[in-house]
Amino acid sequence: MKVHGLPTRSIRSLEGGESVEIIDQTLLPFRFERRVLTTWEDAVEAIRNMRVRGAPLIGITGAWGVVLALKTCHDNESLLKAAEVIRNARPTAVNLSWAVTRMLGALLPREPKDRFFTAVRLAEEMTQEDVERCRRIGEAGLGVLRELYQEKRRPLNVLTHCNAGWLATVDYGTALSPIYQAHDEGIPLHVWVEETRPRNQGLLTEWELREHGVAHTLIVDNAGGHLMQHGDVDAVIVGADRITRRGDVANKIGTYLKALAAFDNGVPFYVAAPSSTVDWRLLSGRQEIEIENRGADEVLGVHGMDKSGKPATVRLAPEGTPVANPAFDVTPSRLVTAFFTERGVFKPEELYSGFADQLSAYQ
Ligand code: MRU
């Protein structure tokens, strides 16, 4: 996608894989800054502190983290140790584990001296694959938006939660990919962007949509149900961090409430995700998906810019206030209308058979 008119990706390798450049997402939407990762510990730090975020991008950063690990890990023991730390940098998005397992699967059978170039090649391949998957997810969703537009014959209102745009992937995004493609095709649409407390990833979505020229309105998270009741939402499209084989979906906290409101108001609820987000080992999302609990600071304060343009945090509640901060929730498959995937559109009950040939070798 473009930033200030220039084609940009959220991650790229430098110096033949000796280092990796990311966009520091903790500074957006106020500052667009790149950051260079040179060690695998840098990659872990970037994932943990959400400089990179979004399930597909976390996975790709994990793959590059394994590449960086090979600069110092010259035997199996040290490589496996580093890989486990990378794998566990964040627990909910399965793409991270998927990527690390895939990298190790290619590297461990090789002699240590041959590993670096194999790793760089595979990480590049996975990076490119992610771009292609997200482009196809967009095509799948575009078909649905086209049909919806034929039916409504007026600008479409789509609601989204969190950021599942190109910043959350390598390029295009998942939930936003069909929106970009529909916009580029001339389908008039407007996006309701939920701010997504506590980390306000909605502001990343707002920034992306503004850069691309897509009409949108920022709303607080609690406004979504109200808008649906008043007929102001034609479809909800969200991304996912982990999907079970029966189609339960872990995504950013608050997604479940939107799915309930959508169900109650007859609004279609779509989940856009690549197959690397499906954890084929799991059935019940509520019982089996580990939900990340993050620190109290995210709830006790809000982060933004002060009047002089410097990043600043404002305290909302006194120190010592008891806080719970689950970062994700699970939407049961019965509330999901369909999935937009790189292989097309699937109802929850069709997902398993749609990918039966690739039930993951990498999980
Ligand atoms: O905590 P985050 O910002 O990494 O959470 C991101 C989300 O929940 C996204 O909706 C999900 O990863 C899909 S991204 C294409």
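Me: How do the residues of the shell around the ligand divide by class?

Reply: Ala, Val, Leu, Ile, Met, Phe, Trp, Tyr, Cys and Pro count as nonpolar, Asp, Glu, Lys and Arg as charged, and the others, Gly among them, as polar. Here the shell holds eight nonpolar, seven polar and four charged residues. The model is predicted, with local features requiring pLDDT of at least 70 and side-chain atom pairs pLDDT 80 or more, while totals for chains, interfaces and linings use all residues. Residues are numbered from 1 along each chain as its sequence is written, and side-chain values use heavy atoms, without hydrogens or water.

Me: Which residues come nearest to the ligand?

Reply: A residue is near a molecule if one of its heavy atoms lies within 4 Å of it. There are 19 residues around this ligand, and R53, Q201, D241, N251 and K252 come nearest. Helix α2 (55–69) and strand β11 (249–252) each supply at least two residues of the shell; helices (H or I, at least four residues) and strands (E, at least two) are DSSP runs numbered from the N terminus.

Me: What lies 2.7 Å from an oxygen atom of the ligand?

Reply: A polar contact is a pair of N or O atoms within 3.5 Å. A polar backbone atom of A55 is 2.8 Å from a ligand oxygen, and a polar side-chain atom of R90 is 2.8 Å from a ligand oxygen. For N251, a polar side-chain atom lies 2.7 Å from an oxygen of the ligand. The protein covers 100% of the 410 Å² of accessible area (Shrake-Rupley, 1.4 Å probe) that the ligand has on its own.

Me: How much space lies in the largest pocket, and which element gives the most to its lining?

Reply: The largest pocket holds about 640 Å³, the space filled by probe spheres set on the grid points. Its lining comprises 30 residues, with T26, P198, R199, H303 and G304 closest to the centre. Strand β14 gives the most, five residues. By class, this lining has twelve nonpolar, nine polar and nine charged residues.

Definitions and conventions. A polar contact is a pair of N or O atoms within 3.5 Å; within protein, one must be able to donate a hydrogen and the other to accept it, and residues adjacent in sequence count only if both atoms are side-chain atoms. On a 1 Å grid over the protein atoms alone, a cavity is a set of points where a 1.4 Å probe fits but cannot get out, and a pocket is an open set with protein on both sides within 12 Å along at least five of seven lines; lining residues have an atom within 4 Å of a point.
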